[in-house]
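Please read the points below with the model open beside you.

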Amino acid sequence: MTGTVISIDRVVKSFGTFTALHEVSFDIADNEFFTLLGPSGCGKTTLLRCIAGFEPVSGGQIRLNGKDIAPLPPYKRPVNTVFQHYALFPHMTVLENVMFGLQRLGWSAMDAQGRARQALELVHLSEFLKRRPAQLSGGQQQRVALARALAPEPRVLLLDEPLSALDLKLRQAVRMELKQIQRETGIAFVFVTHDQEEALTMSDRIAVMSNGHVQQIGTPREIYETPANRFVADFIGETNLIEVPVLGISGGLAEVSLPGGRRVHCPTRLVDGKQGVLSVRPERIDLCPAAEADMIVTAGEQVYLGTDIQLKAHLAGGQEVTVRLQNAAATVLPERGTELGLKLETGAARLLAA
C-alpha cells in the first residue's frame, strides 16, 4: 500500500429525518483491499453509493487523490461498481458485454475489443468470449461483471456484496480469485459485505459499521483479536461476553474478578469503571483440572463440527460459556452435568464496557 486514494471526511447522509451516516471519517490507501462490514441497515451500502456518486452526501467531503468529487456525476468519477446483481446484457456475448462500457466512454471498437480481451484474460474467461450470460455459471457471470468494471482501469473498484448470490463452495473459491485479481491490478477495492468470514479472509483492513457509525477500523487480526467494543467483539466471529467486577485499571491493564473469585489481569481501552464484560474467544479457552482453573463450570450440550467440537458450559450464576476444542481421536469429552475447570489462555481476555 502507498498513499491515500480516497478520503472520507466527516460524511453525513440523511434521508429526510433519518440519518444513515453520522460524520464518518477514514482514509483508503492505494492498492488496498478495504472492506465495509456490518449488519443490514448499518450504512455500508449507502456509503458505497456516495463514493460512486449515486447518492449525494448531506455533509462532509469525499476526496479522490485529494480532490473533492462531490460535484462530479457518477460517469465522470474514476471509479466503477460491481453490484450484487450483475446486470449483464442477455443478448450480448461475454466480449460484447465488456466492450459496451468502453465504447460508451468513446473507445474505438478495435481498442475496446483489445482491452476487453485483456480484462477477460485477467479473470480467466478468455475461452468464453462468444458465450452469452445464460450459458455461464453464476461464478462466471460474476467474473464477467468484474472484467467489465476493471476494463476502463478505474482508480477504485467498488463491490456491493458481489458474492452473495453464489453458493458456499463457489463463494469461497471466488474470494481467493478476487483477492488475487486485486493484487495483480494494483487497484484499490472497496468491498461491502455482511459476511464476517469474507471480510476476514480477503481484506487488508476492515471498517466495522453499526447504525451509521464506524465502530472500529483495523486489519482482520486487529479486529478479531482486539475488538474496540462489545458490538465488534460480538459481531466478528464468536465470543464469550462474561460480566465481571473491575477491581482497578492502570496503564491499559485491568484487574478483574472472574466468576468464582479468581483475579486476572487483561488489556483494556477503558480508563475507569466498576463493572465490565470480558470478551474471550471460545478457541482460547481450555479444559483443565479444577485446582488449576480460572473458572468452574458445568458441562452442557456438545456440538460436533468436524474439525472441532463446540462445548456449552454454565457458570454457577447460570451464564453460558462456549468452548471450542480441536477434534482429535484422543479427545475425551466431559459428560453433560459434569463439573469441570476452564483455563483462559494468556492474553486471551479483553475488558470491554458493560
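1. Start with an aromatic residue, Phe 89, which counts as partly exposed at 29% relative accessibility. The terms used here are buried for under 20% relative accessible area, exposed for over 50%, and partly exposed in between, with a 1.4 Å probe and protein chains only. The model is a predicted one, in which local features need pLDDT of at least 70 and side-chain atom pairs count only at pLDDT 80 or more, while totals for chains, interfaces and linings use all residues. Residues are numbered from 1 along each chain as its sequence is written, and side-chain values use heavy atoms, with hydrogens and water left out.

2. The overall picture comes next. The chain has eight helices and 20 strands; helices (H or I, at least four residues) and strands (E, at least two) are DSSP runs, numbered from the N terminus. Along the principal axes, the C-alpha atoms fill a box of roughly 80 × 50 × 35 Å. Of the 354 residues in the chain, 47% are buried. Contact means heavy atoms within 4.5 Å. Among contacts with a separation of 6 or more, 65% are between residues 24 or more positions apart.

3. How many aromatic pairs does the structure hold? There are six. Rings of Phe, Tyr and Trp (its six-membered ring) pair if their centres lie within 6.5 Å; planes under 30 degrees apart count as stacked, over 60 as edge-to-face and the rest as tilted. One of the pairs is Phe 33 with Phe 191, which is tilted, at 5.7 Å centre to centre and 45° between the planes. Phe 33 lies in strand β3 and Phe 191 in strand β8, so this pair ties together parts that are 158 residues apart in sequence. Both Phe 33 and Phe 191 are buried. Phe 33, Phe 189 and Phe 191 form one aromatic cluster.

4. Phe 89 pairs with Phe 100 in an edge-to-face arrangement, with 4.9 Å centre to centre and 65° between the planes. Phe 89 is in the loop between β6 (79–82) and α2 (94–104), whereas Phe 100 is in helix α2, 11 residues apart. Phe 100 is partly exposed, with a relative accessible area of 28%.

5. Two rings have a charge over them. This label requires NZ of Lys or CZ of Arg to be within 6 Å of the ring centre and within 35 degrees of the ring normal. The charged end of Lys 13 sits over the ring of Phe 15, 4.9 Å from its centre. The charged end of Arg 281 sits over the ring of Tyr 224, 4.0 Å from its centre.

6. Helix α5 (residues 168–185) deserves a careful look. It has 18 residues and reaches 26 Å from its first C-alpha to its last, close to the 26 Å expected at 1.5 Å a residue; the expected span is 1.5 Å times one less than the number of residues. Which residues of α5 are buried? They are Arg 171, Val 174, Arg 175, Leu 178, Lys 179, Ile 181 and Gln 182. Seen down the axis, the buried residues of α5 fall within an arc of 160°, so they line one face of the helix; the arc is that of the directions from the helix axis to the C-beta atoms. An α-helix has 3.6 residues a turn, so residues three or four places apart point the same way.

7. The buried residues of α5 pack against several elements, including β3 (33–37), α3 (109–122), α4 (138–150) and β8 (188–193). The face turned away from the buried side of α5 carries the exposed residues Lys 169 and Arg 183. Gln 180 is also in helix α5 and is partly exposed, with a relative accessible area of 37%. Just after α5, Gly 186 takes a positive phi of about 75°.

8. His 124 is in the loop between α3 and α4 and is exposed, with a relative accessible area of 53%. Glu 161 is in the loop between β7 and α5 and counts as buried at 13% relative accessibility.

9. A search of the whole structure finds zero disulfides, a disulfide being a pair of cysteine sulfur atoms within 2.5 Å. For Cys 42, the nearest cysteine sulfur is that of Cys 50, 13 Å away. Cys 42 is buried, with a relative accessible area of 2%.
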